[in-house]
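Hi,

Here is the structure for you to look over. My notes follow below it.

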Amino acid sequence: MSDVLLVDRTDAVVTLTLNRPEAMNALDVPLKEALRDALAALETDRSCRAVVLAGAGRAFCAGQDLREHVGVLESGTSDSLDTVRRHYNPIASRLGSMPKPVVAAVGGMAAGAGAGLALLADFRIGGPSTSFLMAFANVGLAADTGLSWSLPRLVGHAKAIELLMLAEPVKAEAAERLGLLTRVVEADADVLPAAQALAARLAAGPTVAYGAIKRELSVGDAGTLNDALAAEAQAQTISGATADHRNATLAFVEKRKPTFEGR
(Lines give C-alpha, C1' and ligand atoms only; values in the text may rest on other atoms or scores of the structure.)
Protein backbone atom coordinates (compact mmCIF):
# COMPACT_ATOMS: atom_id res chain seq x y z
CA MET A 1 0.00 0.00 0.00
CA SER A 2 1.34 3.45 -0.95
CA ASP A 3 2.48 5.63 1.95
CA VAL A 4 0.09 8.40 0.83
CA LEU A 5 -2.54 6.25 2.54
CA LEU A 6 -1.72 4.65 5.88
CA VAL A 7 -3.60 1.50 6.87
CA ASP A 8 -3.69 0.52 10.54
CA ARG A 9 -5.48 -2.52 11.94
CA THR A 10 -6.46 -2.74 15.60
CA ASP A 11 -8.56 -5.82 16.24
CA ALA A 12 -11.56 -5.52 13.89
CA VAL A 13 -11.14 -1.77 13.23
CA VAL A 14 -9.21 -0.56 10.18
CA THR A 15 -8.07 3.07 10.17
CA LEU A 16 -7.34 4.64 6.78
CA THR A 17 -5.30 7.84 7.14
CA LEU A 18 -4.89 10.25 4.23
CA ASN A 19 -1.18 10.97 4.50
CA ARG A 20 -0.21 14.10 2.61
CA PRO A 21 0.00 16.48 5.59
CA GLU A 22 2.23 18.95 3.73
CA ALA A 23 -0.67 19.48 1.28
CA MET A 24 -3.48 19.30 3.88
CA ASN A 25 -4.14 15.79 2.52
CA ALA A 26 -5.25 17.16 -0.85
CA LEU A 27 -6.29 14.38 -3.17
CA ASP A 28 -3.86 13.70 -6.00
CA VAL A 29 -4.06 10.68 -8.28
CA PRO A 30 -1.88 8.35 -6.16
CA LEU A 31 -3.93 9.08 -3.04
CA LYS A 32 -7.26 8.75 -4.85
CA GLU A 33 -6.22 5.42 -6.35
CA ALA A 34 -4.90 4.13 -3.02
CA LEU A 35 -8.13 5.10 -1.25
CA ARG A 36 -10.32 3.65 -3.98
CA ASP A 37 -8.47 0.33 -3.90
CA ALA A 38 -8.34 0.14 -0.09
CA LEU A 39 -12.08 0.68 0.21
CA ALA A 40 -12.72 -2.01 -2.41
CA ALA A 41 -10.59 -4.47 -0.44
CA LEU A 42 -12.23 -3.65 2.90
CA GLU A 43 -15.70 -4.12 1.48
CA THR A 44 -15.21 -7.89 1.38
CA ASP A 45 -12.65 -8.22 4.20
CA ARG A 46 -14.46 -10.24 6.88
CA SER A 47 -11.78 -9.45 9.46
CA CYS A 48 -12.67 -5.75 9.20
CA ARG A 49 -15.90 -4.87 11.02
CA ALA A 50 -15.58 -1.08 11.15
CA VAL A 51 -13.61 1.57 9.27
CA VAL A 52 -12.16 4.88 10.46
CA LEU A 53 -11.25 7.54 7.90
CA ALA A 54 -8.79 10.19 9.10
CA GLY A 55 -6.29 12.76 7.86
CA ALA A 56 -2.68 13.26 8.96
CA GLY A 57 -1.56 16.59 10.34
CA ARG A 58 -3.71 19.70 10.74
CA ALA A 59 -6.45 18.94 8.21
CA PHE A 60 -8.82 16.13 7.40
CA CYS A 61 -8.71 16.75 3.65
CA ALA A 62 -8.52 19.92 1.56
CA GLY A 63 -10.20 18.26 -1.44
CA GLN A 64 -8.80 17.96 -4.93
CA ASP A 65 -5.13 18.85 -5.30
CA LEU A 66 -5.53 22.02 -7.38
CA ARG A 67 -1.83 22.17 -8.26
CA GLU A 68 -2.20 18.82 -9.96
CA HIS A 69 -5.47 19.96 -11.54
CA VAL A 70 -3.86 23.05 -13.06
CA GLY A 71 -1.49 20.74 -14.90
CA VAL A 72 -4.44 18.76 -16.25
CA LEU A 73 -6.20 21.94 -17.39
CA GLU A 74 -3.07 23.18 -19.16
CA SER A 75 -2.58 19.85 -20.90
CA GLY A 76 -5.60 20.54 -23.10
CA THR A 77 -7.24 17.18 -22.40
CA SER A 78 -10.81 16.91 -23.70
CA ASP A 79 -12.19 15.95 -20.27
CA SER A 80 -10.26 17.74 -17.56
CA LEU A 81 -12.52 16.30 -14.88
CA ASP A 82 -12.60 12.65 -15.89
CA THR A 83 -11.15 12.05 -12.41
CA VAL A 84 -14.76 12.31 -11.20
CA ARG A 85 -15.67 9.15 -13.11
CA ARG A 86 -12.33 7.36 -12.60
CA HIS A 87 -11.75 8.21 -8.95
CA TYR A 88 -14.31 10.23 -7.04
CA ASN A 89 -17.39 8.30 -8.11
CA PRO A 90 -15.93 4.87 -7.27
CA ILE A 91 -14.60 6.18 -3.94
CA ALA A 92 -17.94 7.75 -3.04
CA SER A 93 -19.89 4.67 -4.09
CA ARG A 94 -17.70 2.32 -2.05
CA LEU A 95 -17.65 4.60 0.97
CA GLY A 96 -21.38 5.28 0.95
CA SER A 97 -22.36 1.65 0.48
CA MET A 98 -19.70 0.08 2.74
CA PRO A 99 -21.51 -2.87 4.41
CA LYS A 100 -19.98 -2.06 7.80
CA PRO A 101 -19.87 1.10 9.91
CA VAL A 102 -17.64 3.99 8.81
CA VAL A 103 -16.52 6.72 11.23
CA ALA A 104 -14.77 9.87 9.99
CA ALA A 105 -12.28 11.54 12.33
CA VAL A 106 -12.64 15.07 10.97
CA GLY A 107 -9.64 16.88 12.42
CA GLY A 108 -9.30 20.39 10.98
CA MET A 109 -10.63 21.42 7.57
CA ALA A 110 -12.75 19.19 5.35
CA ALA A 111 -13.13 21.05 2.06
CA GLY A 112 -14.59 20.18 -1.32
CA ALA A 113 -14.15 16.49 -2.02
CA GLY A 114 -12.77 16.16 1.51
CA ALA A 115 -16.12 17.27 2.86
CA GLY A 116 -17.74 14.78 0.51
CA LEU A 117 -15.66 11.93 1.96
CA ALA A 118 -16.54 12.90 5.53
CA LEU A 119 -20.26 13.23 4.87
CA LEU A 120 -20.45 9.75 3.36
CA ALA A 121 -19.35 8.26 6.69
CA ASP A 122 -22.02 7.01 9.07
CA PHE A 123 -20.59 9.00 11.99
CA ARG A 124 -18.36 12.09 12.04
CA ILE A 125 -16.31 13.14 15.06
CA GLY A 126 -14.87 16.67 15.16
CA GLY A 127 -12.94 18.97 17.48
CA PRO A 128 -12.58 22.70 18.09
CA SER A 129 -10.67 23.34 14.85
CA THR A 130 -12.96 21.24 12.65
CA SER A 131 -14.65 23.07 9.79
CA PHE A 132 -16.38 22.24 6.54
CA LEU A 133 -16.20 24.17 3.28
CA MET A 134 -18.22 23.19 0.21
CA ALA A 135 -15.56 24.88 -1.88
CA PHE A 136 -16.54 23.89 -5.42
CA ALA A 137 -18.28 27.12 -6.46
CA ASN A 138 -15.20 29.08 -5.40
CA VAL A 139 -13.36 27.52 -8.35
CA GLY A 140 -16.33 27.54 -10.73
CA LEU A 141 -17.41 23.94 -10.25
CA ALA A 142 -20.51 22.02 -9.21
CA ALA A 143 -20.35 19.50 -6.36
CA ASP A 144 -19.00 15.95 -6.60
CA THR A 145 -17.94 13.08 -4.29
CA GLY A 146 -21.58 12.38 -3.50
CA LEU A 147 -22.34 15.78 -1.93
CA SER A 148 -25.46 16.30 -4.04
CA TRP A 149 -26.75 13.11 -2.38
CA SER A 150 -25.36 13.28 1.16
CA LEU A 151 -25.61 16.99 1.95
CA PRO A 152 -29.38 17.49 1.49
CA ARG A 153 -30.04 14.32 3.47
CA LEU A 154 -28.14 15.79 6.40
CA VAL A 155 -29.13 19.48 6.27
CA GLY A 156 -32.14 19.70 3.93
CA HIS A 157 -32.39 21.02 0.37
CA ALA A 158 -32.46 24.73 1.17
CA LYS A 159 -29.42 24.59 3.46
CA ALA A 160 -27.55 22.46 0.93
CA ILE A 161 -28.14 25.14 -1.73
CA GLU A 162 -26.79 27.76 0.69
CA LEU A 163 -23.69 25.78 1.65
CA LEU A 164 -22.84 24.86 -1.95
CA MET A 165 -23.55 28.20 -3.63
CA LEU A 166 -22.22 30.59 -0.98
CA ALA A 167 -19.29 28.28 -0.18
CA GLU A 168 -18.65 29.71 3.28
CA PRO A 169 -16.88 27.80 6.07
CA VAL A 170 -18.98 26.02 8.69
CA LYS A 171 -17.21 25.77 12.03
CA ALA A 172 -17.50 22.89 14.48
CA GLU A 173 -20.35 24.15 16.66
CA ALA A 174 -22.55 25.02 13.68
CA ALA A 175 -21.56 21.79 11.93
CA GLU A 176 -22.76 19.76 14.91
CA ARG A 177 -26.00 21.72 15.05
CA LEU A 178 -26.63 21.12 11.33
CA GLY A 179 -25.83 17.40 11.55
CA LEU A 180 -22.56 17.57 9.63
CA LEU A 181 -20.86 16.32 12.80
CA THR A 182 -22.16 13.57 15.04
CA ARG A 183 -20.17 14.78 18.02
CA VAL A 184 -17.58 17.44 18.88
CA VAL A 185 -14.92 16.49 21.44
CA GLU A 186 -13.20 19.05 23.65
CA ALA A 187 -9.68 18.82 22.20
CA ASP A 188 -8.43 18.30 18.65
CA ALA A 189 -6.04 15.63 19.92
CA ASP A 190 -9.06 13.59 21.04
CA VAL A 191 -10.75 13.45 17.61
CA LEU A 192 -9.02 10.32 16.29
CA PRO A 193 -9.11 8.38 19.60
CA ALA A 194 -12.82 9.18 19.98
CA ALA A 195 -13.52 8.06 16.41
CA GLN A 196 -11.57 4.83 16.93
CA ALA A 197 -13.35 4.17 20.25
CA LEU A 198 -16.72 4.57 18.52
CA ALA A 199 -15.59 2.31 15.68
CA ALA A 200 -14.46 -0.32 18.20
CA ARG A 201 -17.87 -0.19 19.86
CA LEU A 202 -19.57 -0.64 16.49
CA ALA A 203 -17.19 -3.43 15.48
CA ALA A 204 -18.29 -5.36 18.56
CA GLY A 205 -21.93 -5.07 17.51
CA PRO A 206 -24.18 -6.89 15.01
CA THR A 207 -22.35 -5.70 11.92
CA VAL A 208 -24.48 -7.70 9.47
CA ALA A 209 -27.53 -5.91 10.85
CA TYR A 210 -25.70 -2.58 10.63
CA GLY A 211 -25.03 -3.18 6.95
CA ALA A 212 -28.68 -4.09 6.40
CA ILE A 213 -29.79 -0.92 8.21
CA LYS A 214 -27.59 1.17 5.91
CA ARG A 215 -29.01 -0.47 2.79
CA GLU A 216 -32.64 -0.09 3.84
CA LEU A 217 -32.11 3.57 4.77
CA SER A 218 -30.59 4.27 1.35
CA VAL A 219 -33.83 2.95 -0.19
CA GLY A 220 -36.14 4.59 2.33
CA ASP A 221 -34.53 8.01 1.86
CA ALA A 222 -35.45 8.21 -1.80
CA GLY A 223 -38.09 5.57 -2.48
CA THR A 224 -41.78 5.10 -1.82
CA LEU A 225 -43.27 3.47 1.27
CA ASN A 226 -43.63 0.22 -0.67
CA ASP A 227 -39.96 0.43 -1.70
CA ALA A 228 -39.02 0.87 1.96
CA LEU A 229 -41.20 -2.03 3.08
CA ALA A 230 -39.64 -4.31 0.46
CA ALA A 231 -36.14 -3.23 1.55
CA GLU A 232 -37.04 -3.86 5.19
CA ALA A 233 -38.34 -7.34 4.40
CA GLN A 234 -35.09 -8.15 2.58
CA ALA A 235 -33.00 -6.68 5.40
CA GLN A 236 -34.82 -8.73 8.02
CA THR A 237 -34.43 -11.89 5.95
CA ILE A 238 -30.67 -11.33 5.85
CA SER A 239 -30.16 -10.28 9.47
CA GLY A 240 -32.71 -12.73 10.81
CA ALA A 241 -30.68 -15.63 9.41
CA THR A 242 -27.51 -14.64 11.25
CA ALA A 243 -25.96 -16.39 14.22
CA ASP A 244 -25.82 -12.95 15.85
CA HIS A 245 -29.62 -12.70 15.81
CA ARG A 246 -30.12 -16.20 17.17
CA ASN A 247 -27.50 -15.78 19.89
CA ALA A 248 -28.70 -12.32 20.93
CA THR A 249 -32.29 -13.49 21.15
CA LEU A 250 -31.25 -16.39 23.36
CA ALA A 251 -29.14 -14.04 25.48
CA PHE A 252 -32.14 -11.74 25.96
CA VAL A 253 -34.29 -14.64 27.12
CA GLU A 254 -31.53 -15.78 29.44
CA LYS A 255 -30.99 -12.21 30.74
CA ARG A 256 -27.34 -11.99 29.78
CA LYS A 257 -25.34 -9.64 27.58
CA PRO A 258 -25.05 -10.87 23.98
CA THR A 259 -21.78 -11.33 22.13
CA PHE A 260 -21.80 -10.46 18.43
CA GLU A 261 -19.48 -12.04 15.90
CA GLY A 262 -20.59 -10.33 12.71
CA ARG A 263 -22.04 -13.44 11.10
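A side-chain polar atom of Asp188 sits 3.0 Å from the backbone nitrogen of Ser129. Beyond neighbours within four places in sequence, Asp188 is in contact (heavy atoms within 4.5 Å) with Gly127, Pro128 and Ser129. Its place is the loop between strand 9 (183-184) and helix 8 (191-203); helices (H or I, at least four residues) and strands (E, at least two) are DSSP runs, numbered from the N terminus. Asp188 has 36% relative accessibility, so it counts as partly exposed. The scale: buried is under 20% relative accessible area, exposed over 50%, partly exposed in between, with a 1.4 Å probe and protein chains only.

This is a predicted model: local features need pLDDT of at least 70, side-chain atom pairs count only at pLDDT 80 or more, and totals for chains, interfaces and linings use all residues. Residues are numbered from 1 along each chain as its sequence is written, and side-chain values use heavy atoms, with hydrogens and water left out.

Now the cores. A nonpolar core is a set of buried Ala, Val, Leu, Ile, Met, Phe, Trp, Tyr and Cys residues joined through side-chain atoms within 4.5 Å. The largest has 47 residues, and Leu16, Leu35, Leu117, Phe132 and Leu151 have the most contacts inside it. Helix 1 (residues 29-43) gives the largest share, six residues. Another core, of 16 residues, lies apart and includes Ala12 and Ile125.

Last, helix 5 (residues 147-155). Leu147, Ser150, Leu151 and Val155 are buried there.

Best wishes

Conventions
Polar contact = N/O pair within 3.5 Å; in protein donor to acceptor, adjacent residues only side chain to side chain.
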